[in-house]
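Take a walk through the fold below.

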Amino acid sequence: MKNKHMKHRLYFITSVLSYLIPICFYCSCSVTPNSKEAFRGIVLYPSDIRSLGSEKLIDILKKTDINLLGLHSNTLTENLDSLKVFLEGPEGQLLIDLCKKNNIDLEYECHVLQEILPRSLFDNHPEYFRMDSNGERRNDLNICFSSEEAWGVIEKNVNGLLEWMQPTTNRYFFWIDDSPDGFCHCDLCKSYSQSEQALIYENRMLKIIRKVNPKATLAHLAYRSTIEAPGNIKPDKGIFLEFAPIKRNYEVPLSSELYSALKENLEVFPKETAHVLEYWLDASMFSSWDRDKWSKVPWNPVYCRRDIELYRNLGIRSFTSFATWMLHQHYFELYGREEAIKVLNEYGSTLKRN
Ligand SMILES: [Zn+2]
């Protein structure tokens, strides 16, 4: 009888432990491949969504493992104003509503500097803008990140932006300008590298955003001229790494230079919040943003899995890929709707499975 009682107790304890051990295991890993923070995203232009319609797009996404949609704007093709017009229109409102209903997060990945410090201010305030390596002020790219007066203008404009741009993840992406050498060489800025100037801007920007949204976090975009890890400037709490290896060769693994740069960045920024923005599905990039080309994405699920494993081995759990011009009616007509959806499915399931 005593033996039987002991057996029951042992069985009870074993059963409880068998439930608790996996729970503890998952609690100790802050982000697992299936938790909400393990983002599996795509980034699109408003024009991609317009071409399909919000309802058709969400129908496609909800049948895949995609749980995050990023909307993109830049100065060259679709600017912030066009994003705002889209979001405030019926298709944009429907998109916001359908994302919510289907548990798909919505973010905005945008180059914003040209809009938050209008270039037209240059005539009266050249000091707001960057000094080039010849000592001349220019309003082509970025700004003088040390100009207090420029920051006064920026804060006012960012407050307007925050009224209509509300990411459901509280992650903000207010990127610097695209450029190989578009930073400031004035006396106050010149001792900082391009990555450090970007981080000075991001630390300051996050303070402004947090006055409106205390839960906000902000991306440090490590890409092209800012791929090198910042040394002399440290990220404030809430700045997360966004690694975007644009124009890499997809047939081979990440180059040793990019891999080292990523590792060095992960020494500066927290691993737990680090995020990769890739181009696996970016038909616009593979077409060199030339609408006359509209090339097919050179998709290879084996390469994608290889890349994801490399990123995961470094502790990264959050991913998006541009899928601009691929989830687009014109792409469907050129290469087949089913083919594009198959690629998207393989991408989403690879992220979920790994
Ligand atoms: Zn400067």
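What share of the 354 residues of the protein chain counts as buried? The answer is 38%. The model is a predicted one. Its secondary structure comes to 13 helices and ten strands. Now consider contacts in the protein chain between residues at least 6 apart in sequence. Of these, 76% join residues at least 24 apart.

Begin with helix H3, residues 54-62. Which of its residues are buried? They are Ser54, Leu57, Ile58 and Leu61. Viewed down the axis of H3, these buried residues fall within an arc of 95°, so they line one face of the helix. The general rule behind such a pattern is simple. An α-helix has 3.6 residues a turn, so residues three or four places apart point the same way. What does the buried side of H3 pack against? Its buried residues meet helix H2 (46-52), strand E2 (68-73) and helix H5 (90-101).

Stay with H5 for a moment. Two packed helices are described by the angle between their axes and the distance between the axes. For H3 and H5, the angle is about 25° and the axes are 9 Å apart. An angle under 35 degrees counts as roughly parallel, so H3 is roughly parallel to H5. Their crossing is right-handed. H3 brings Ser54, Glu55 and Ile58 to the contact. H5 brings Glu91, Leu94, Leu95, Leu98 and Cys99. By type, the residues of this contact divide into five nonpolar, one polar and two charged. Ser54 and Ile58 of H3 take part in this contact, and both are among the buried residues of H3.

H7 passes H8 in a right-handed crossing. On the H7 side, the contact is made by Trp151, Glu155, Val158, Asn159 and Leu162. On the H8 side stand Arg204, Ile208, Ile209 and Val212. The residues of the contact divide into six nonpolar, one polar and two charged.

Next comes the loop between strand E8 (239-243) and helix H9 (256-268), where Lys247 lies. Ala244 is placed in the loop between E8 and H9 too. Is Ala244 buried or exposed? It counts as buried, because it has 21 C-beta neighbours inside 10 Å. Setting aside residues up to four places away in sequence, Ala244 touches Leu221, Tyr223 and Leu277. Val276 is 32 residues from Ala244 along the chain, yet their C-alpha atoms are separated by 6.1 Å.

Lys247 has another setting. It is exposed, with 9 other C-beta atoms within 10 Å. Its backbone deserves a look. Most residues other than glycine have a negative phi, and most peptide bonds are trans. Lys247 is not a glycine, but its phi is positive, at about 65°.

Which way does phi point at Trp294, positive or negative? Phi of Trp294 is near 45°, a positive value in a residue other than glycine. Trp294 sits in the loop between helix H10 (283-286) and H11. With 18 other C-beta atoms within 10 Å, Trp294 is partly exposed.

Val302 and Glu251 are 51 residues apart in sequence. Their C-alpha atoms are 9.9 Å apart in space.

Finish with the partner of H11. What angle does H11 make with helix H13 (residues 337-353)? They pack at about 30°, with their axes 10 Å apart. That makes H11 roughly parallel to H13. H11 passes H13 in a right-handed crossing. Pro301, Cys304, Arg305 and Ile308 in H11 meet Glu346, Tyr347, Thr350 and Leu351 in H13. This contact divides into five nonpolar residues, one polar and two charged.

Terms used: Residues numbered from 1 in each chain as written. Predicted model: local features only at pLDDT ≥ 70, side-chain atom pairs only at ≥ 80, totals over all residues. Left-handed = near helix turned anticlockwise from the far one by under 90°. Helix = DSSP H or I, 4+ residues; strand = E, 2+ residues; numbered from the N terminus. Contact = placed C-beta atoms within 7 Å. Nonpolar A, V, L, I, M, F, W, Y, C, P; charged D, E, K, R; others polar. Buried ≥ 20, exposed ≤ 12 C-beta atoms within 10 Å, placed from the backbone. Arc of directions from axis to C-beta. Axes fitted to C-alpha atoms, helices over the stretch in contact; angles between N-to-C directions. Parallel < 35°, antiparallel > 145°, perpendicular 65-115°, else oblique.
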